[in-house]
Each structure stands twice: as C-alpha cells, then as structure tokens.
Amino acid sequence: MMGLMSGKQQNKTVVAISIFAIAVSLVVMVGWVCNITVLKQVVPGFVPMVFNTALCFILFGAALLVTQYSKTSFGRAVFLSLSLAGTLIGLLTLLEFLFGFNAGIDQLFVKDNQQISADHLYSGRMAYNAAICFTLLGAGFLLLALRKRLSDLIAQALFLVVCILTAIALIGYLYGVSLFNTLLYVSSMAPHTAILFFLLAVGASLLNPQLGMASLFTGKQIGNKMARRLFGLIVVTAVVFGTVRLQTQHYGFFTNEIDVSLLVVCFLLVSLAIIWSTANWLNAIELKRAQAEEQVKLMNAELEKRVDERTREVHESEEKYHSLIEQASDAIYVLDTNMNFTDVNASMCTMMGYSREELLSMNVEDIIDPEELKTDPLLNAAENPHINIFRERTFMRKDRSVFTAEINVKLFPGKMVMVMARDISERKRIEAERREAELKFRTLAEKSLVGVYISQNERFSYVNPKFAEIFGYEPGELIDTEHSAIEIIISEEYLPIARANIMARHRGEIEIAHYEVKGKKKDGTDNWVEFYGNRVVIGGEPAIIGTMLDITERREAENMVLKEKMLSDTIINSLPGIFYLITDQGKQVRWNINFETLTGYTSAEIEYLTPYDLIAPEDHTKVHDAIEQVFEEGYAAVEASVRAKNGTKTPLLLTGTPILYEGQRCLLGMGIDISSRVKAEEELRASEQKYKFLFESNPLPLWMIARNDLSIIAVNEAAAKLYGYERDELLGKSVRMLRPADDQERNLAGSPLTSFSQSHEIGIIRHLKKDGSPMYVHIIAHDIVFEGREVRLSFTNDVTERLRAEESLQKSQANLQTILETTDIAYALFDTDLKVLEFNQKAIEFVQSQYRHTPQKGDRLADYFPPARFPQFLNFAKEVLQGRHISYEVDYPRRDGSAFWFDVRLSPIMSDSKEILGMLMALYDITERKNTEQDLKSAYQRIQNHVESIKDMAWKQSHLVRSPVANLKALADLLRSHPADTETLQHFQAELNRLDAIIHEMAREASGHVM
C-alpha cells in the first residue's frame, strides 16, 4: 500500500502538512458558519476560500493523515472513502464549469450571495483551477490505493501537475498577474487555497519518495543533496529579483532597458555566489572522501600486521589441535588419499572397539558395513578435490555389530581427509519411533470422522480431509494460506472469540480450550462447529493441535427444542386457569404464572409445597379421592377451594390426567376459577324472584315459549299490545298462530330441536297481528330454565319501518352508482389489504389501457400494478390508511412517445367511529393542463435564453470598449503634459475612431437581439 500503510515509519512532514491543511480549513469553515470575513480570507485583501474547498481540504488532509497512523484494512477503507468523497466534489464542480449546469452542491452547506464574475454566476462555487486541482489530486490519491508501481508513477505525475498549477497561481498573486491566479478569466484561486494545494501535493508525493520528482529531492546521495541545495536557492533568487524588477518598474526608478540589464547582472552575481558556495561544499565532501581513503590505507597496513600475528597464532594453535581432538566427544579420524587411517582419537577407538594401533593399520572400508559398500561405495578424495560431505554411514564394530553414524567429511591441504563421526543409533531409534507415531497419527487423522488440525500463528500446517470437507474445501486450500486461515472458515462476528482462545493458549494462559463458533463454508453458507485444542510447542514455536466437530444439526435440534420449550411455556402461561404437573408422590414439577398469581407463592416456595398445602382443609378428602381416581381410572374432576398464601380461598374446578414425565408417573391438570359461577348460582336463586317482575314490567315485547311443544307460557303486556291481543288470549296457544299460513314450516320463535346457550339472533321474520295485518319483527332468543322447565325467552322488535327505509336507501345507492358510471373521473375502493372492492367504468377503462388488465372485485393491486411504481404507491397507501389525505400527479406513456397525466387523490374510508375501513382512489385526466404548462415553460426558457445572449453580448462588448478607453485615458494624460505632441494627438484620434466603430458595432448587434 502507499506510503506508511505498507508498514514504513511515520513521515513527520506528511503529518505536519495534513494537520496544517485540516486546521486552516476548519478556520475557514468556522468563518463561513459564523459569517466572519477575516476567517474566510485568512490572507486579508484577497478572495476568500469557499466552504466546499475547505471541506475537500479536510477530506484529503484526513486521508493523508490516515496513511500515517493506520495500517489495517479498515484504515485503507477510510483512506479510499475520504479520497473518493473529495474527488467527487472536485469532479462534479469541474463538470458544472464545463457543461454549464448547477448541481446544487455549491451552497449545500452555507449560503453565499456574492457573484464572483460575469462568467462565474454561481455563488459559493470554488474556482475553476481549484476544481481541476482537486480532480487531479483525488485521482492521484485513488491511484495510490491500487498498490501498483505504474499507478504510483502516474499518481506522482498528477501531484507534480498540481504543484505546477498552484505554483503558477502563487506567482500570479506575488507579481499581480491575474492570468496566473485565474483560469479562463472565470474566478481566482485564493492564495491560501494555492498554498494548501501545493503542500498536499508535496505531502502526497512523499508517500512514495523513491518515485518521480520526489526521488530527486528525498534521496541521500550527493546528487540529491545538491538538488535540494540549488533548487531552493534558485527559487528564492528568481522570486526576489522578479519582485524587485516589478517594483522598480512600478515606481519608475529606471528605464526598461536598465531594469533588464540590472536584473541580468544581479542574477549572474547571485548565480556565481551559489556556484561558489556549491563548489566549496563539494570540495569539502571531496576532502572528507580523501581523508577516508587515507584512513582505509592505514587500516590495510594494520590489517596486514594483524595477519602476520594471526599466522603465528595458527602455528601455536596446531599444537593444541591434537589435544583438542583427543578431548573431543565425537569420533575423529584422518585418512590419506588411499582411505587409510593416519590418525584417530580416543572417542573413535571407544566407538569402534579397536585399539589405536589396530585402526592405524586399517583402511576405512574395514569399518563400513560390507552390504552398504555394495550399493554406496566410498568416494576417492583425490578424484574429488572439493569433497565436503555431511551424511550418514553404517559402521561395523570389532564385535561385528553394526550401527548408524553421522559423518562430516572435510578435505584439507595435502589431500588429507578429516572425518568427524557420531553414533546416532539412539537418535535413529527415536526418529523411527517418531515416524511410526506420526504414521499412526496421520492414519487415524485421515480416517477420522471428526476434523483434526494443527495450527500456528492462525495458519494451518495440517488439516485432515474431514476438517476440510466440513467447510467445503480440499485440505490443500486451507494449509499455509497467505492470510489468516480462521478468517476463511470462521464467520466474521465470531472471529474475536476464536482469536481470544488462540491468543490465550499462545501466551500460555491456558493449555486447553473448548468453544463453539459459527463457521463459514466455501459456498458462503454458515454452519456451527465445536473446537477442542491443546497447546503444544512445535519447532520452538507455540502451536495448537486439536479436533473439530460439525454441530450444525445439534444446534438446529437445540434450537428446535428451545423453540418447542418456549412454545410450550407460552401455551402453558396463556391458559385461562392454573396449570400444574405433580408426581405421584405429591411433588410439584411444573406450573404456570397463573398458579403463582392465584396462590401468592413464589417459584422457590411452590417447589416444596404438596397439593394438600394449597387445598382448603375441608376439601382435602375429596381432592385425595380425586387423585386416586386419576391414577386408577385415567381422569377425574373435582370442585375445591385453593387457599392462597394470604389465606384467601378461591373455588376452582380441578381436573387431572395421568402421564409419564421423565420416567415418573405424574398428574397433569388444570384449575378453572369458578368463583363467578358459584356466585352466579347463588345470585340466580335470588334473581329468579326478581326475574318475573322484570319480565312483566319490561316495556320491550317478551315471550316465554315451551321448547317441547312451542306453547306460549308467558307474555308481557308490551308483546300483547304489539300484536293487538289480550294476554289471556295468547297464553297456552301455539306460537305458530302468529305466522302466515305459507310461512308456518319455517323456524320462528323457537324449535324443540335447537338449543341456544347464549343470546342468539334468529333474524327478521314475518308475523301477523290479530287483525291479520302483516309486520316484520327482529327476533332474539335465549334458552333458560324457568321454574324447573326449559323455556325460550324471546324478544320481538317491530322493524317494518326500518325495512322500508333500507329499501329507500338501496334506491339511493343505485342512483349513486349511476352517477359514478357517468362521471369522467375514475374511482376505485380498496380494503386495508389493497384488495379491490368497487370501481366504476372509468376505472375499468384506465386499468385496461395502462395495465392491460380487466379488474375484478377481490383483485390484489400488487398483481398488476407496475412493479417500478408500486413501492411509492404502497408508501402513500400506508399514510392514507393512517388517516391522511394524499394528492399527487403521475404520468403514463402513450404509444406516440407523449404522456398521459393524471391527478391522483387517495382518501381513507372511515366508519362513524373513525375506524379506517379502506381507501378511495380517484384519478382525473389532466394531460391537457400539463401540456399547457409545458408550453409555458418552453416559452419562458426561450425568453431566458434570449436574455442570456444579450448579457453575453453586453459583456463581450464591454471588454472590447475597455481597451480603447484605457488607451484614451493614457493618451489624455500625455497630452496634458505635452499639448504640442502631434504624434500623441494622432494616436488619440485613431483610438477615438476605433471606439466609435465599436459603439456602432454594438448597436448593430443589439438590434439583432431585439425580440
């Protein structure tokens, strides 16, 4: 990655530039927010820096600062995001200049009503050259993110272009040349803007100092030092002399020729001084180099002296050689060119079982296993002068036993061969056992049904096939990966858990870890895995060896069990009464919330209570009998009072069923609170006396009819009056007498076959009065027991007039439907699920023409509404169904390329109680009105274009007039000083003629722009 994001040391210059750019930009932004002019300008007397420019400097300054403090992928993402944001602002502003539009970003944050120039019409917009610089700077930052050498080179070139553009602007400010600090005479770049551009471009170049122009000034070689020295002096010299030249010309100290001559002479003198200073500097470096060479010669002489001394020391060391060989623990022997022993040490004699004299009379082949010599003969030292061998050989002792030795063969001057040998039989045995153990491990691991792994530094050095198969990989894809292997197989949200366990074992805090995490398969799906791992040391480094199980199915099963438990708990706690599960020994196993609420005991207290602790003493016997009945007969129900913790008693209907729960016989049951029923039974007996009185005196028509034979048992005065009878005329008669002859087969006031436990609406029935006139009554019936007899209590309400009113309402609805079908507005009614309830003919025509669908009642709007428009319509519908009225305009394309326009109005349908029942949609064709509006807009645009062209013409002509007017002013000053100067007078007359011609041309062009 660029700069310090690749792990390099922080660059203090880059940090300082970033902080300076951010600080200056924040000051400017505060100036805009608080409307403080001095903070906007920073440099008094010059144009201010606009808000968007300051914002871009903060973005690029922050991006540059991120490169110095963050080396993570998050830091790279932040760098890219900040760079992209700044680049987009600069590029969008540049496009606004090039294509002449306003994207609305110039005054998005603060308002600026000052117009910069005739061409720079949009207040708050950064300068044209500033937009170019931001675009180039942002492109360079984005190229750095590619981490390629070619992209880095291009980025360095872009930064250099920004430096050149801003240097030109600064020179323009320094010398007062507007051509340099503006571009295309649109607007000027603020001086502090140019300085920040220059600094940011230099800071970005320092991210890759080894590339491009930056390498010329950042290197450590003599050429780089000279470049830094000379360039700074040359820049200062050029700026100073240029300023002096302008000042002398401005105040008229010298003529133009003298000014140029003095400038050349001064520049040559300063250049001579610079060359003299540089020559002295290079001479000093050359002197130091010569002194260093002299020191090298002295060191060589001293080195030769030391070599002589070392030679003497070598001779002395040879004397120690034999004593060292004799004392060495390894076997050492020396061979001649024929492989005969010329010297051996004591360790060699001990290892081989021979005496020194015996070995010195032998050849080396005498101590090597003959079988090995057949396949692996000895190399001749004379034929192999560069012999230097480190290998294993099989030696044979004097007692003919063989063993493996590790030998190191070296050739000395005089073609003498020295061999150091070490008995490695024990090591070979250990290695054989290790290989056997490793073979057993791999055999077990390869065939294992669980995943086996070995990891170091978050990378796997071994995984068995099962491990790789669980994640959908081949073993080779997970071993020695470039990046952390756990990031490949562990889901991102569980990475901290895995890393914490790994680091704890690496630090030696724990030896064994066991944890579960969510895995990530190769195909992107998730699974659950369980890791077991021990801390070991392999190759001197901590490692983890362990196993892994795929527990996805177990997790799913646990989740299912958990869901089932939650469901069962929810069901139990939502039961209307109390729930209990009791063992056959009387221990409470499970209960619901209602149980605790009713008894007033806590869960901890209920666990140690028996059923008899909760039952009122007077009900113990029947509860005991009911429990025995449950286990003997399979079911029992009993009414008993439950005594709460505070002593209150509640009558309950207790039920019980035997079940086998966790291998133990238990009683499962419920208790329903029957307090209201008990109270009702007590009150019923008292109310039956009142009931008859209420029946008789009730102003509503009431009947009591026997359910077995439909005879009238009782009738109140209101009912008899309604039908025109006396009460005695109705008692004992069949209720069928109230029905017309052709309706007597239909069920009227009651039926001996049907029973209603609650109030039941029978409906509207036709009855006859005593005089034979028909009427319609609405009947509500309820079956009761009165004086020990099953009767039906009926209420009859005369609805004859209401039916007539409803008939009139239906006629009104028909008239309304006729109006809807003849209007030119499309209407449609929808329920709260956006299903079609009603629609008129205009709505049918609209749906057929625009959606190619014939609407039907019950249609879902989502089935044929355009998918691209449905989400917006759905949002409108949600607001309407919350009580709002919404109106908007929408267009639909025609076949000829034009568009239909409709005014859409959505209104909620509310009941009298303000309940929203659905939605009404009305569409009105406004195409003609929209076309008229568009024609007006086009005419206005033509007028606006004409006005703009007149403005352009006026601006251009003002520039043409400006030049001769300025010349006339200068010539007038000369004529005042020298009135007799005829040449000046001729120039004056020529400029007047030129001005007259321009004014006539302006008149002709203006006449051409008249509408």
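Mentor: Start with a term: helices (H or I, at least four residues) and strands (E, at least two) are DSSP runs, numbered from the N terminus. This is a predicted model: local features need pLDDT of at least 70, side-chain atom pairs count only at pLDDT 80 or more, and totals for chains, interfaces and linings use all residues. Residues are numbered from 1 along each chain as its sequence is written, and side-chain values use heavy atoms, with hydrogens and water left out.

Trainee: Okay. Which helix does Thr135 lie in?
Mentor: Helix H5, which covers residues 128-144.

Trainee: Is Thr135 buried or exposed?
Mentor: Buried, because its relative accessibility is 16%. Buried means under 20% relative accessible area, exposed over 50%, partly exposed in between (1.4 Å probe, protein chains only).

Trainee: What is Thr135 in contact with, leaving aside neighbours within four places in sequence?
Mentor: Thr87, Gly90, Leu91 and Leu94. Contact means heavy atoms within 4.5 Å. Thr135 and Gly90 are 45 residues apart in sequence, yet their C-alpha atoms are 5.2 Å apart in space.

Trainee: New topic. How many aromatic pairs are there?
Mentor: The structure holds 25. In Phe846 and Tyr851, ring centres are 5.6 Å apart and planes are at 80 degrees, so that pair is edge-to-face. Rings of Phe, Tyr and Trp (its six-membered ring) pair if their centres lie within 6.5 Å; planes under 30 degrees apart count as stacked, over 60 as edge-to-face and the rest as tilted.

Trainee: Are those two buried or exposed?
Mentor: Phe846 is buried at 10% relative accessible area. Tyr851 is buried too, at 12%.
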